[in-house]
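Work through the exercises below with the model open. Try each task before reading its solution.

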Amino acid sequence: MLLRALELTAFRNLADTVLQPGPQLNVLAGDNAQGKTNLLEAIYLLGTLRSFRASKLGELMRWDVEAQGGSARVAGRVDTRGIERKHEVTIQAGKKVARLDGKGVRSPTDYFKWLTTVLFTPDDLGVLRGSPGGRRRLLDRAVFNRTPAYLGEHNDYQRALKSRNAILKDGGPDDMLEIWDFHLARYGARVVARRLAYIAELEPRVAAGYEAITHTGLRARLAYQGLEGLPLEASEADIHAALVAAIGRSRGRDRARQFSSVGPHADDLGLWLDDRDVRLYASQGQTRALALALKIAEIRLLRDVHGSDPILLLDDVSSELDPQRNAHLFDFLDEVACQCFLTTTHPEYVRARLNRKDYRVVNGVIEG
Ligand SMILES: Nc1ncnc2c1ncn2[C@@H]1O[C@H](COP(=O)(O)OP(=O)(O)OP(=O)(O)O)[C@@H](O)[C@H]1O
Ligand SMILES: [Mg+2]
């Protein structure tokens with residue numbers, strides 16, 4: 001995939017502009033707080049219709065424009081296997097409208113499949129040893145990139161969870177709770193099945209990537225941690241049966257706690273090096289190498305299954321990786337040669353050999 005042109009209007013602190021990025025490495029250099037990450041956020045928004053850091057869409061609109069009730073817009077021409085599409089997102093009054101080739105988007109999956117972005121930020125390094133919620137988000141983002149339909153499936157689940165929790169909170173009647181137990185298990189089984197299938201695909205690639213980075217002979221392993229005893233190859237029907245049983249058993253406890261305790265929202269992505277739990281025992285260096293291996297594995301997997309490369313967004317990762325991991329990252333970028341947007345305060349440390357275009361970001365102005 002290639003982002004051939006990017007048009008920004010009233011997005012964050014960035015001056016309105018049209019960019020023609022290079023086909024490989026685009027380096028966005030600049031001091032702190034100039035708008036480098038904002039530019040990555042704009043591309044990410046274009047690909048996912050979400051932000052990776054704003055909790056409200058309104059935050060994305062330039063302050064003066066927001067105060068006047070205006071709108072923000074990000075548009076891009078994306079070339080995927082020789083087919084060019086125009087993606088467009090407008091934000092107005094806290095709402096977003098997406099367009100593909102100028103038309104309203106009826107099937108979000110159709111919009112997403114033409115533009116896949118993989119983001120790597122320093123936050124990803126903390127996620128592996130942080131709380132389960134961070135790892136679930138990491139996993140869900142990756143599953144969504146692999147299978148765009150997952151977004152809708154995940155939303156269905158979240159709605160069922162919200163409704164069931166509302167009934168638990170209000171002490172609603174048993175027959176109502178049963179209805180939402182049913183939906184929770186049904187949508188939950190789909191979410192878990194997608195996550196399991198993804199982990200099975202990803203794991204060998206992570207193991208190979210980790211070994212290539214570290215040469216230690218330690219095997220990186222992933223596992224889904226949800227319902228006890230559920231094998232990685234469990235079918236959706238198996239998962240559904242297990243969830244129905246577990247939700248049934250949890251009912252008394254859930255009533256007491258006024259919260260749903262069982263389901264994919266409570267699960268975790270387990271990570272090990274040989275048989276040592278990364279979440280408890282990994283060193284900083286091991287954690288960083290594994291975070292990098294996870295991203296590289298994700299990109300390789302997307303390449304293998306979609307037949308085209310995603311667009312990489314690397315936010316200031318070089319400052320967080322040690323020289324050896326950095327060298328590996330740049331070797332990898334040279335090898336895959338996919339389009340990449342990389343932010344840095346020190347462009348002289350960016351050692352990629354590939355075709356490169358340098359930008360400077362100064363107070364929201366992107367100088368090419
Ligand atoms: N909606 C908005 N309107 C105008 N300015 C904004 C808006 N949101 C954020 N900013 C400004 O954008 C700047 C931050 O931009 P960004 O996070 O992209 O910086 P950066 O160049 O990535 O810096 P660093 O190197 O520190 O990560 C801040 O000065 C912030 O005040
Ligand atoms: Mg930044």
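**Exercise 1. The ligand shell**

By class, how many nonpolar, polar and charged residues does the shell around ligand 1 have?

Solution. The model is predicted: local features need pLDDT of at least 70, side-chain atom pairs count only at pLDDT 80 or more, and totals for chains, interfaces and linings use all residues. Residues are numbered from 1 along each chain as its sequence is written, while chains are lettered from A and ligands numbered from 1 in the order in which they are written.

Step 1: collect the shell. Ligand 1 is surrounded by 18 residues, where a residue is near if its C-beta atom, placed from the backbone, lies within 6 Å of the molecule. The closest are N13, N32, K36, T37 and N38.

Step 2: sort by class. Ala, Val, Leu, Ile, Met, Phe, Trp, Tyr, Cys and Pro count as nonpolar; Asp, Glu, Lys and Arg as charged; the others, Gly among them, as polar. The shell has 9 polar, 5 charged and 4 nonpolar residues.

Step 3: find the main contributor. Helix α1, residues 36–48, gives the most, with 3 residues. Helices are DSSP runs of H or I with at least four residues, and strands are runs of E with at least two, numbered from the N terminus.

**Exercise 2. K169**

Is K169 buried or exposed?

Solution. K169 is in helix α6, residues 150–170.

Step 1: count neighbours. A residue is buried if 20 or more other C-beta atoms, placed from the backbone, lie within 10 Å of its own, exposed if 12 or fewer, and partly exposed in between. K169 counts as exposed because it has 10 C-beta neighbours inside 10 Å.

Step 2: check across the chain. K169 and Q258 are 89 residues apart along the chain, yet their C-alpha atoms are separated by 4.9 Å.

**Exercise 3. The whole protein**

State the extent of burial and the overall dimensions.

Solution. Step 1: of the 368 residues, 42% count as buried.

Step 1: the C-alpha trace spans about 60 × 55 × 35 Å along its principal axes.
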